[in-house]
Amino acid sequence: ATLSLIMSALSLKCSDCGTQLKNAEEAKLHNENTGHSNFEESTEAVLQLVCKECGKPCRSETEKQMHMQRNPGHTEYVDATAGAGPVDYTIKKDDPMDLDDDMRKAIKAATGKDPAAAPAKKEPLAESGPKERVTDKVNKEIMTQLTEMGFPEVRAEKGLWLTGNESLENAINWLGEHGDDADIDVPLEIDPASIKSKLSKEEQQKLLDERLAKMRADKVKSDKDLEKQQELGRIQMNKELNEALKKQKEQEEKLEIEKTKRAKDQDKIHRDRIKAKLEQDRLERLAAKGIKPEEAAAAAKADKPVDPFKEKKLALSSKLRDIIGFHRNDPATPNPATKAMETANKYVENIVNNPTEEKFRAINLENAAFQRLVGAKKGGLAMMTAIGFVEQDGKLALTEIDAEWLKVATGELQVAAKRGPFY
C-alpha cells in the first residue's frame with residue numbers, strides 16, 4: 001500500500017512501525033519524518049486517550065489495552081480526541097514523549113501533569129548483596145516444557161519466575177505480552193536474601209489441617225444454624241396446618257349439621273304429606289260409610305289405649321334419626337351409624353336378659369370397643385342418653401331399669417338399624 005490508499009477506511013496504519021494515523025495528511029507527515037512508506041487501511045478509529053497516571057496519549061483502544069497491561073494501575077483515561085491536532089513526528093530532544101505544544105497542553109489540562117516534565121527523582125535503593133540468576137530456582141518441569149515449545153532459556157525462566165513459578169499458562173501469557181520488551185533477553189538476577197523461604201511439608205500439612213479443621217467447625221455451625229431454622233420453619237408450618245385443618249373441620253361440621261337439618265326438614269315435609277294423604281283417604285272412606293269425622297275420632301280415642309312411652313319413643317327416634325343423618329354419606333361398610341345402633345341394642349338386650357347383673361348396667365367410657373363403635377361416633381352418646389343411660393364417675397350407667405321400656409327401645413334400635421336412611 002502507498003499514500004494513494006482509498007480514504008474510505010476509518011484510519012491508516014503504518015505497516016513499518018504500527019502507528020495509527022487519522023488521514024492521508026498525517027500519513028504524509030509521518031513519511032517525511034520517518035521515511036516509512038508502507039501504509040494499510042484500518043477499521044479502528046484514531047483516538048486520543050490520555051492516561052491520567054502518566055500522561056501518555058494512546059491513539060487507539062488496542063494501544064490503551066497494551067499500555068494498561070504493561071503498566072498495572074494505569075486504568076483511568078481522558079478522551080482528548082476532539083481537541084487533538086495532527087501529530088508532530090519530529091523528535092525533540094527536550095520532549096521525550098514527542099508531543100506537540102497543543103497536545104502537551106491538553107494532556108496537562110486533563111491530568112494535571114506536564115508530560116514533558118522531568119520525572120521525579122527516586123530515592124536510591126539500599127545496596128543489596130550479590131545477585132544470582134534464577135536458573136536453579138525455577139520449576140524444572142515447567143521450564144522444560146517452555147524450552148521444548150521453542151522459548152529461549154532466558155525468556156522462559158524470566159516468564160516463569162515473574163508469574164509465580166507455578167503455572168505454564170501464566171508464563172506463556174506473560175511471554176506473549178512482554179515479547180517486545182527491550183530487556184526481554186537480559187537474564188533475570190535476584191538477591192537471594194529477597195526470596196521468601198517456603199514452608200516445609202510438615203508445616204504445610206499443619207497449616208492445611210488447621211484450615212480444614214476451621215472449615216469443618218464452620219460447616220458444623222452452619223449446619224446447626226440451618227437445622228434450627230428448618231425446625232422453626234417446620235413448627236410454624238405445622239401450626240399453620242393444624243389451624244387450617246381445625247377451621248376446615250369446623251366448617252365441614254357446620255355444613256354437615258345444616259345438611260342434616262335440611263334432610264330432617266325434608267323428611268318431615270314428606271311424612272306430613274303422607275299423613276295428610278292417609279287422613280284424607282280415611283275421611284273419604286268414613287264419608288262413604290256415612291260416618292261423620294268427629295264421631296269416628298271420638299270412637300277411636302275411646303278405643304285407643306294410652307302409650308306410656310310415647311315421649312321417650314319420640315326422643316329416642318329423634319336421636320336415632322340424628323345419628324343416621326350424621327353418617328349418611330360415610331362410605332364405610334357397615335355404616336358407622338348402623339354399627340353404633342346395633343352395639344347399643346346389644347347393651348340393652350344384655351340388661352333385659354340379665355336384669356340383676358350389675359356389670360351389664362354400667363359401661364366404662366374409656367372402653368376401647370365402646371369408644372370405637374359408639375362413644376367416638378357423632379350422635380352416639382346422645383343416643384345412649386335417650387335410651388336412659390346417665391354419665392357417672394367415668395361410666396354410662398342405667399340407674400333405673402324399666403324392662404318394658406327397654407324392650408320398646410330395643411325394638412326402635414332394631415328398626416332404625418334395619419331401615420337406615422329410611423327410618
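1. A cavity here is a set of points on a 1 Å grid over the protein atoms alone where a 1.4 Å probe fits but cannot get out, and its volume is the space filled by probe spheres set on the points. Keep in mind that this is a predicted model, where local features need pLDDT of at least 70, side-chain atom pairs count only at pLDDT 80 or more, and totals for chains, interfaces and linings use all residues. Residues are numbered from 1 along each chain as its sequence is written, and side-chain values use heavy atoms, with hydrogens and water left out.

2. Who lines that cavity? There are 14 lining residues, and Ala263, Asp267, Arg321, Gly325 and Arg328 are the closest to its centre; lining means having an atom within 4 Å of a point. Helix α7 (201–289) gives the most, with six residues.

3. Now the largest nonpolar core, which has 30 residues. Such a core is a set of buried Ala, Val, Leu, Ile, Met, Phe, Trp, Tyr and Cys residues joined through side-chain atoms within 4.5 Å, and buried means under 20% relative accessible area (1.4 Å probe, protein chains only). Leu320, Met341 and Phe389 are among those with the most contacts inside this core.

4. Take a look at Leu320. Skipping its neighbours within four places in sequence, Leu320 is in contact (heavy atoms within 4.5 Å) with Met341, Met383, Glu412, Leu413, Ala416 and Tyr423.

5. Overall, buried residues make up 26% of the 423 residues in the protein chain.

Methods: Buried < 20%, exposed > 50% of the residue type's maximum accessible area, 1.4 Å probe, protein only. 1 Å grid on protein atoms, 1.4 Å probe; cavity = no way out; pocket = protein on both sides within 12 Å on 5 of 7 lines; lining within 4 Å. Helix = DSSP H or I, 4+ residues; strand = E, 2+ residues; numbered from the N terminus.
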